[in-house]
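These are my notebook entries on one protein chain. I set down what I looked up, topic by topic.

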Amino acid sequence: MNNIIIFDTTLRDGEQSPGASMNTEEKIQIALQLEKLGVDVIEAGFAAASPGDADAISKIAQQVKNSTVCSLARALDGDIKAAGEAIREANKRRIHTFIATSPIHMEYKLKMTPQKVIQKAVDAVMYAKTFCDDVEFSCEDAGRSDVGFLKEILDAVIIAGAKTLNIPDTVGYRMPGEMGAIIKSLYESVGDRAILSVHCHNDLGLATASSIECIQNGARQIECTINGLGERAGNAALEEIAMILKTRKDIFGEYNTNINIKEIYPTSRLVSTITGIEPQPNKAIVGKNAFAHESGIHQDGVLKNAQTYEIMSAKDIGLDKNSLVMGKHSGRHAFSEKLKDLGFNLKNEEIQKAFDKFKILADAKKEIFDDDIRALVASEIIKISEVYELITLQLSDCNPGGVPSAAVTIRHDGKNTTDAAIGNGTMDAIFKVIDRVCGAKGKLKEYKVDSVTQGKDALARVVVKVVFDESKPAIMGHGLSVDTMLATAKAYIGALNSYISMRDGLRDIKNRLI
Ligand code: KIV
Ligand code: ZN
């Protein structure tokens, strides 16, 4: 049996999806769920990118026990040192270092000769080996690199000690057959001296197909992400790779992964709830419609025999259609078991807090679904400490011709402040009064509202992206309530809290490094 190593980069390449940035607490929850899913290697981030990234990687390294924890690093001493330090406490650790190998990248981006690139790659691998034995080397833009040159650089880094050689189709340019041919040719040269890996981007919608083709040509590690998140059009989707290998045993029977497919759906939901990025409804495996049968003919067939129109079962991936969960009479024990099933790993005090909030919700909403609980925990529990806490929100009636106003009470440092503002609409009034009370000046870049589940009493989930400092990227905030305007106010304050804790957290980390 050939084991296929599943290398998940949701927390690194996935986080490079526009708008997918996550805080440390959120990354820890995802990493622990990836471990439960059976991922072999978790790329937890890019330590040198920011002190916040380094901090998240080291916290993940402390908590994850079974999966290898990996940090990305450019082929630069500073990056490799930051990666080595961030993963130091991991039970199993890996440094993943890379340099570009395509003519266009070497000439215009790196401004280096091919021989200089080989030297840099060798130096990087040798330096990474001083931090850990398990070193992966990637040829960035390998898809557009000369195969002869790839063989040359791979030979050099194998001698330097690299154990995994990753061949990314960085810009998603190659056809599956072409990627397969590249891997075949590299496998002939590398043999069993190292593991060949692929990392395919989805710019032409071919990332999964290319990855699968590479498995058939010698690749034994696949780099992928949950829901296919990733830079631009994303990466190969983990759930697609795992389900292809499982569903087409007639072709892929000799390949095995450690993925526990029952955890696919809970992991997908956890990632989409935390990032606020829902897979498209028709997304294979995890989209809302992936197991829905709309036409009468199909429904009739499925009722007679599910296999008439289903090649896999929703249950296999952990999608339990009876996901109506609990009501106000549910107990704390059942609730905490439910949290575990949904992929949350919370401390006792967090479970208690979530349970208290669940009880309040159960009074406002008759039926509570799994997605309600996911949204509640993501919005109210696994967030950074509340620098500002919304205590009350009162809105004026929206009479035609009236002046919309909002009054809030906000707690900060143990002190309550109440104020009111008028605006060009209720939302504008809410943002203005929060800015005034908190001394902030946020610019709203994105606003999204959706209902978490069905029903007139459904929870509204608001996701905002706000810029508080023009020199920094937009910060995301989630808000959840049966009332959309209350969810809006919570989301805005959530973004402000994230901004403040990131800013102050970075200051703390920088002070510690000095
Ligand atoms: O797409 C890419 O080339 C990458 C590398 C850093 C592995 O993400
Ligand atoms: Zn990538």
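**Entry 1**

I began with E380, which counts as buried because its relative accessibility is 8%, below the 20% under which a residue is called buried. I note at once that this is a predicted model, and I read every value below as computed from it.

I then looked up the partner of E380. The side chains of E380 and K357 form a salt bridge, with 3.1 Å from N to O. This pair joins distant parts of the chain, since E380 belongs to helix α15 and K357 to helix α14 (residues 348–364), 23 residues apart. K357 counts as partly exposed, at 28% relative accessibility.

**Entry 1: A second bridge to helix α15**

Next I examined K338 and D370, which form a salt bridge whose closest N and O atoms are 3.0 Å apart. K338 is in helix α13 (residues 332–341) and D370 is in helix α15 (residues 370–380), so this pair ties together parts that lie 32 residues apart in sequence. Is K338 buried or exposed? I found K338 to be buried, with a relative accessible area of 17%. D370 counts as buried as well, at 11% relative accessibility.

I asked how many salt bridges the count comes to. The count is 36 salt bridges. One of them joins the side chains of E278 and R461, at 3.6 Å from N to O. E278 is in the loop between α11 and α12 (296–304), R461 is in strand β17 (residues 460–467), and the two are 183 residues apart. E278 counts as partly exposed, at 33% relative accessibility, whereas R461 is buried, with a relative accessible area of 8%. I also recorded that E278 and R461 belong to a network of salt bridges that links them with R269, D371, R374 and D450.

**Entry 2: The zinc ion**

I turned to the zinc ion (ligand 2) and asked which residues are its protein donors. D13 lies in the loop between β2 (5–8) and α1 (24–37), and H199 lies in strand β8 (residues 195–200), so the pair ties together parts that are 186 residues apart in sequence. Both D13 and H199 are buried.

E15 counts as buried, at 18% relative accessibility. The side chain of E15 reaches the backbone nitrogen of M22 at 3.0 Å. Setting aside neighbours within four places in sequence, I listed the contacts of E15 as T10, A20, S21, M22, K27 and D53.

**Entry 3: Two positive phi values**

I recalled the general rule before this search: most residues other than glycine have a negative phi. K111 has a phi near 50°, a positive value in a residue other than glycine. K111 is in the loop between α4 (103–110) and α5 (114–129), and it is exposed, with a relative accessible area of 66%. R232 likewise has a positive phi, near 50°. R232 is placed in the loop between β9 (221–224) and α9 (238–247), and it counts as partly exposed, at 43% relative accessibility.

**Entry 4: Domains, and where two of them meet**

Finally, I looked up the division of the chain. It has domain 1 (5–275), domain 2 (291–319), domain 3 (332–380) and domain 4 (389–512). I then followed domain 1 and domain 2, whose C-alpha centres lie 34 Å apart. Nine residues of domain 1 are in contact with seven residues of domain 2. Between them the two domains bury about 650 Å², 65% of it on carbon and sulfur atoms.

What is the count of salt bridges between domain 1 and domain 2? The count is one salt bridge. I noted that D316 forms a salt bridge with K246, the closest N and O atoms being 4.0 Å apart. The count of residue pairs in polar contact between domain 1 and domain 2 is three. On the side of domain 1 that touches domain 2, α9 and α11 (264–275) each supply at least two residues.

Notes:
Residues are numbered from 1 along each chain as its sequence is written. Chains are lettered from A and ligands numbered from 1 in the order in which they are written. This is a predicted model: local features need pLDDT of at least 70, side-chain atom pairs count only at pLDDT 80 or more; totals for chains, interfaces and linings use all residues. Side-chain values use heavy atoms; hydrogens and water are left out. Donors are N, O and S atoms within 2.8 Å of the metal (3.2 Å for Na, K and Ca); water is not among the atoms, so sites may look incomplete. Helices (H or I, at least four residues) and strands (E, at least two) are DSSP runs, numbered from the N terminus. Buried means under 20% relative accessible area, exposed over 50%, partly exposed in between (1.4 Å probe, protein chains only). A polar contact is a pair of N or O atoms within 3.5 Å; within protein, one must be able to donate a hydrogen and the other to accept it, and residues adjacent in sequence count only if both atoms are side-chain atoms. Contact means heavy atoms within 4.5 Å. Domain bounds come from an automatic or database domain assignment. Buried area is the accessible area (1.4 Å probe) that two parts lose on being put together, summed over both.
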